[in-house]
Amino acid sequence: MLEAQIQESHIGKHYTWKQLENVMTRSLLTKMLQRENELRLCDPVQEMYDEEREKYICPTSHIEDSIQRLVLEEFGFDPYDQMTLDMYRSTRNRFPDDPDIRGAVLYIKYDRSRDTLLRVGDDAPNSTLLTLDSQSPVKLLSFVKSDRPLVLLSELNNLHQLFNDWRHLADFLTVYVIEAHAADQWPLGKRVCVIPQHKTLQDRVNAAQMLVKKRNYQIPLVVDPMDNNFEEAYRVWPERFFIIQHNKVAWVSQPGPYGDVSSWAHDIRDWLTKKLGNNFPH
């Protein structure tokens, strides 16, 4: 286990932002991130993730917040000083291309999240996808039918009610992409995150088939090929939703650091109600 190796206590000292930049050096931050990584992966914390996610409590940001404050305390900083916490959390922005920083903690090393380049009104990229049964190529826009909106999903939980309510007026499609929290990369619970990152197409197909079987998943589902061309075009990792109509982007969610899937489902329902509400059965 990495030792904090506190050389001096900073508790009770009042630093400016600039002073904190000088105190929280690259070398020190690398050790702090390595310690945070150890804590995130330890059995008690993984058990906490399991308990929260099995109760469908999302986000789990309170767990990460507690871990980071513990790291600050172990390294001699005041865990309740918000400026110090903000400085620690800004590490990846201070050292965006530093390989030691990127490799120190899993949520930086494996993070693929970035803003989508697509905006409402843009042409929807016609990505090549694969059918789940035979892995036959199929174009995304082939699922767009006349005036019907296509609700494009990359999140796999708690959306069947939305699907069942609106399937008579809109089409839905789930695309199974690269794992967000693979068991061998960024696990959020050892019982919940059991799938390693896909190394082959068969790995991804097997994971998608397991999802359909285990959760009785009813929403139509296809698979992003191993070139991840859909994920690259739409930037859906870890989760982002789109609505496509007339081959154009009609709506897009914008996830924060801790996405709230239920709020996006509400936003999709609001959009569908506004556009199609006169036809919704009461």
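Me: Where is Gln135 found in this chain?
Reply: In this predicted model, Gln135 sits in the loop between strand 1 (128-131) and strand 2 (137-139). Its phi is near 55 degrees, a positive value in a residue other than glycine.

Me: Why is Gln135 called partly exposed?
Reply: Let's set the value against the cut-offs. Gln135 has a relative accessible area of 26%. Buried means under 20% and exposed means over 50%, with partly exposed in between, so Gln135 counts as partly exposed.

Me: Why are helix 3 and helix 4 called roughly antiparallel?
Reply: Good one! The axes of helix 3 (residues 43-54) and helix 4 (residues 61-74) cross at roughly 160 degrees. Angles over 145 degrees count as roughly antiparallel, and therefore these two helices are roughly antiparallel to each other. Their axes come within 10 Å, and helix 3 passes helix 4 in a right-handed crossing.

Me: Which residues of helix 3 and helix 4 meet?
Reply: From helix 3 come Val45, Met48, Tyr49 and Glu52, and they meet His62, Ile63, Glu64 and Ile67 of helix 4. By kind, the residues of this contact are five nonpolar, one polar and two charged.

Me: How many aromatic pairs does the structure hold, and what makes Tyr234 and Phe242 an edge-to-face pair?
Reply: The structure holds four aromatic pairs. For Tyr234 and Phe242, the ring centres are 5.0 Å apart, and rings pair if their centres lie within 6.5 Å. The angle between their planes is 85 degrees; since over 60 degrees counts as edge-to-face, this pair gets that name.

Me: Are those two residues buried or exposed, and which residues form the aromatic cluster?
Reply: Tyr234 and Phe242 are both buried. Together with Phe230, they form one aromatic cluster.

Me: What does the whole chain look like in numbers?
Reply: The chain has 12 helices and seven strands. Of its 282 residues, 45% count as buried. Among contacts between residues at least 6 apart in sequence, 66% join residues at least 24 apart.

How values were computed: Residues are numbered from 1 along each chain as its sequence is written. This is a predicted model: local features need pLDDT of at least 70, side-chain atom pairs count only at pLDDT 80 or more; totals for chains, interfaces and linings use all residues. Side-chain values use heavy atoms; hydrogens and water are left out. Rings of Phe, Tyr and Trp (its six-membered ring) pair if their centres lie within 6.5 Å; planes under 30 degrees apart count as stacked, over 60 as edge-to-face and the rest as tilted. Buried means under 20% relative accessible area, exposed over 50%, partly exposed in between (1.4 Å probe, protein chains only). Axes are lines fitted to C-alpha atoms, for helices over the stretch in contact, and angles run from 0 to 180 degrees between N-to-C directions. Helices (H or I, at least four residues) and strands (E, at least two) are DSSP runs, numbered from the N terminus. Angles under 35 degrees count as roughly parallel, over 145 as roughly antiparallel, 65 to 115 as roughly perpendicular and the rest as oblique. A crossing is left-handed if the near helix is turned anticlockwise from the far one by less than a right angle, and right-handed if clockwise. Contact means heavy atoms within 4.5 Å. Ala, Val, Leu, Ile, Met, Phe, Trp, Tyr, Cys and Pro count as nonpolar, Asp, Glu, Lys and Arg as charged, and the others, Gly among them, as polar.
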